[in-house]
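Please read the following report alongside the sequence and the coordinates, with attention to ring contacts and strand pairing.

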Amino acid sequence: MRKVVGIDGTFLKGQYRGVLLVATAQDGNGQCYPLAWGIVDSENEDAWTWFLTQLKEVIGDTDELALISDRAPSIKKAISTVFEKAHHGACAWHVAQNIKNKFKCADIMGSYWSSVNAYRCEDFAGYMTEISHRYPRVAEYLENEVGFEKWSRCHYPGLRYNITTTNMVESLNSMLVNARDFPYVALLDVIQEKMSKWWNDRRIVAMAITAPLTPSRESEFRPRFAQSNGRHTLQLNPVTYHVKGGELEGVVDIFNKTCTCKEFDIDKLPCVHAIAAAHHAQVSVYSLVSPYYTKEYYALAYSETIYPVGSQSQWDVPNEVATRVVLPREVKERKRGRPKTSRFPSVGEFRKRKNRCGKCGAYGHYKKKCNSQTGSTEGNQPTDVPV
């Protein structure tokens with residue numbers, strides 16, 4: 001499993017409220033691989049410190065570990081307290097939302113995302129120059145307040161591969177959108193059942209794979225073979241090759257698995273230059289691929305079975321846990337009116353609301369443009385709720 005972990009929290013909507021904290025990685029096929037779940041009162045420094053301390057017991061702390069999150073102060077402080085060696089990166093999507101909210105410059109997002117995904121510092125500098133010419137305050141914010149090393153792939157001090165956002169965590173939160181209404185135990189049962197199904201389904205997929213790599217990586221990798229054809233390759237020494245042709249040439253070291261285009265270095269998947277060099281050296285291209293993308297690692301990730309915990313009467317609870325006094329969370333009196341069930345938008349996040357017709361009650365048009373002849377009818381009733 002690649003050592004990139006996304007962390008985030010989502011509020012619960014049941015009687016006792018609270019927040020569900022989640023930590024997840026990605027398997028070699030680009031799918032969510034949940035590592036830890038935790039329920040806390042709220043997202044604060046103490047809660048995150050407790051959660052990350054438990055997470056550290058499972059995944060350890062090395063300089064190869066990358067932790068990706070939004071820029072909430074409580075998360076930043078907790079990470080710096082618990083993880084001394086791991087590198088903390090910011091979610092590029094949340095940074096983009098902050099830019100749009102603070103500077104009102106959505107038209108610069110193309111250059112911003114190009115700079116986020118740039119492999120080479122030279123390309124990154126070009127995109128940042130464009131941003132600084134149009135919006136100097138945005139460039140200053142990205143460099144000084146956020147820091148290039150937090151959101152830029154080429155400046156990141158560790159290794160985050162192609163993972164620039166916390167979308168993998170948001171996917172898990174979306175999966176539980178209905179279960180977040182449930183009591184705590186029922187919510188955890190839903191999570192356990194979903195994880196058991198995922199592990200079993202993916203284990204079946206892994207056993208059926210015949211290609212060397214996982215399906216998603218194989219589909220990404222295969223087109224590069226055709227792109228590498230016709231490249232002129234010059235051997236410089238026993239392990240180094242100069243590959244020309246195409247928009248960008250590259251110098252490949254097949255022993256250290258690097259290329260001057262930096263795609264090979266960061267993604268750990270051979271670029272077109274590395275493939276051309278491997279063919280020239282008569283070396284198997286697949287030997288240059290990170291083992292994290294292989295079918296063997298994918299099968300190993302799901303080799304274990306996630307069993308249900310069973311009924312409470314069957315639990316074998318340690319004495320130190322059974323004797324621990326845990327008080328229920330203090331429940332504040334609800335405000336009048338319908339309880340809020342949708343989450344608060346992140347900073348800079350805007351939600352489009354559909355127009356509702358005052359004549360037929362349907363969404364998507366105004367009363368003046370309504371084609372209904374008799375007003376509200378069963379066939380014209382809205383079938384969904386606007387987001």
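The text below goes from overall features to one strand pair and then to aromatic rings.

This is a predicted model, in which local features need pLDDT of at least 70 and side-chain atom pairs count only at pLDDT 80 or more, while totals for chains, interfaces and linings use all residues. Residues are numbered from 1 along each chain as its sequence is written, and side-chain values use heavy atoms, with hydrogens and water left out.

The protein has 15 helices and 9 strands, taken as DSSP runs (H or I, at least four residues; E, at least two) and numbered from the N terminus. Of its 387 residues, 42% count as buried, that is, under 20% relative accessible area with a 1.4 Å probe, protein chains only.

Strand S6 (residues 232-237) pairs with strand S7 (residues 240-244) in the antiparallel sense over 5 bridges, where pairing requires at least two DSSP bridges. A hairpin of 2 residues joins S6 to S7, and Leu 234 has His 242 in S7 as its bridge partner.

The whole structure holds 15 aromatic pairs, defined by ring centres within 6.5 Å (six-membered ring for Trp), with planes under 30 degrees apart counted as stacked, over 60 as edge-to-face and the rest as tilted. The Phe 124 and Phe 148 rings are edge-to-face, because their centres lie 4.9 Å apart and their planes meet at 80°. Phe 124 is in helix H5 (residues 121-134) and Phe 148 in helix H7 (residues 148-151), so the pair ties together parts 24 residues apart in sequence.

| Residue | Relative accessible area |
|---|---|
| Phe 124 | 2%, buried |
| Phe 148 | 16%, buried |

Notes. Buried means under 20% relative accessible area, exposed over 50%, partly exposed in between (1.4 Å probe, protein chains only).
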